[in-house]
Each structure stands twice: as C-alpha cells, then as structure tokens.
Amino acid sequence: MQKERKLEYLKGLKELLVAEQVRLEEIIIIAKMLLKDAPEGTLRLSKSNTYLQFYHCTEENKQGKYIIKGNDELIQKLAQKTYDDNVLRLAEKRLNQVKKILRDYEDDEIEEIFLKEHRVRQGLILPI
C-alpha cells in the first residue's frame with residue numbers, strides 16, 4: 001500500500017518538469033536582459049578597521065579602483081550584476097539538467113514495464 005502511494009506522487013512529474021523548464025527559460029531571459037545594461041567589472045568589498053570599502057574591479061585593474069563615498073548607484077549596480085550573473089549560471093545549469101531528464105522520462109514508464117510483459121506473465125506478477 002505504501003509503495004502505491006509513492007508511485008502516485010510521481011504521476012505528473014513530467015508536467016512539473018516542463019513547467020520548471022519554462023520558468024528557468026524565463027529567468028534566463030530576464031537575467032540576460034539585466035546583464036546587458038550592467039556596468040563592466042565586478043565589485044570587491046574590503047574592511048578597513050570598522051569601515052567597509054568598495055572597489056570596482058576590471059580586466060585592466062584586478063585589485064580594483066576605490067569607489068568614493070556617495071557613489072551608491074555604481075555599488076548597487078555592480079552588486080546586482082554579480083547576483084544576476086550567479087542566477088543566470090545556476091538557471092542555465094538547472095535547465096540543462098531538466099532537459100536531460102525530460103529527454104528520457106515518461107510518467108508511466110514503470111507501468112509500461114508490466115504492460116510489455118506477455119499476458120500469461122502478467123497474470124503471475126503482482127505489479128508495484
């Protein structure tokens with residue numbers, strides 16, 4: 001009885017995976033749009049005594065250029081860019097995983113094992 005209940009939870013999994021695929025594709029589109037308008041470089045934070053300092057790192061200046069106090073907009077945009085980039089990378093990774101599962105998954109594949117058996121063999125089997 002317990003096994004039957006667990007199998008019921010798997011029904012509709014393909015539909016959920018397709019919905020997740022659509023959700024991830026939308027996240028990727030949004031993240032790419034946001035990153036298109038993001039400033040170049042990254043944000044580096046450093047603590048000096050009790051003060052937090054922000055640096056704008058670029059390909060030319062790996063250590064980063066100090067961002068003067070009051071340039072909160074650049075700091076926010078660089079922090080947002082890092083977040084958006086991380087979201088994009090994870091969403092792409094998960095999308096690839098979902099697509100891989102969907103290529104080889106059917107909700108009723110376990111039931112199909114029983115149905116593919118000969119009728120006489122089916123009569124001898126107690127299906128899960």
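Reply: Start with the largest nonpolar core, which has 11 residues: L17, L24, I28, A31, L35, L88, A91, L95, V98, L102 and Y105. A core here is a set of buried Ala, Val, Leu, Ile, Met, Phe, Trp, Tyr and Cys residues joined through side-chain atoms within 4.5 Å. Helices α2 (13-36) and α3 each supply at least two of its residues. Nonpolar side chains tend to be buried together in soluble globular proteins.

Some ground rules before going on. This is a predicted model, where local features need pLDDT of at least 70 and side-chain atom pairs count only at pLDDT 80 or more, while totals for chains, interfaces and linings use all residues. Residues are numbered from 1 along each chain as its sequence is written, and side-chain values use heavy atoms, with hydrogens and water left out. Helices (H or I, at least four residues) and strands (E, at least two) are DSSP runs, numbered from the N terminus. "Buried" is under 20% relative accessible area, "exposed" over 50% and "partly exposed" in between, using a 1.4 Å probe and protein chains only.

Now α2. The buried residues in this helix are L17, Q21, L24, I28, A31 and L35, and α3 is part of what covers them. An α-helix has 3.6 residues a turn, so residues three or four places apart point the same way. As for its length, the 24 residues of α2 should span 34 Å at 1.5 Å a residue, and its end C-alpha atoms are 34 Å apart, so the two agree. The expected span is 1.5 Å times one less than the number of residues.

Leaving aside neighbours within four places in sequence, L88 is in contact with I28, A31, K32 and L35; contact means heavy atoms within 4.5 Å.

D84 is buried but has no salt bridge, and the nearest side chain of opposite charge, K81, is 9.8 Å away. For charge, Lys and Arg count as positive and Asp and Glu as negative, with His and the chain ends not counted. A salt bridge needs a side-chain nitrogen of Lys or Arg within 4 Å of a carboxyl oxygen of Asp or Glu.
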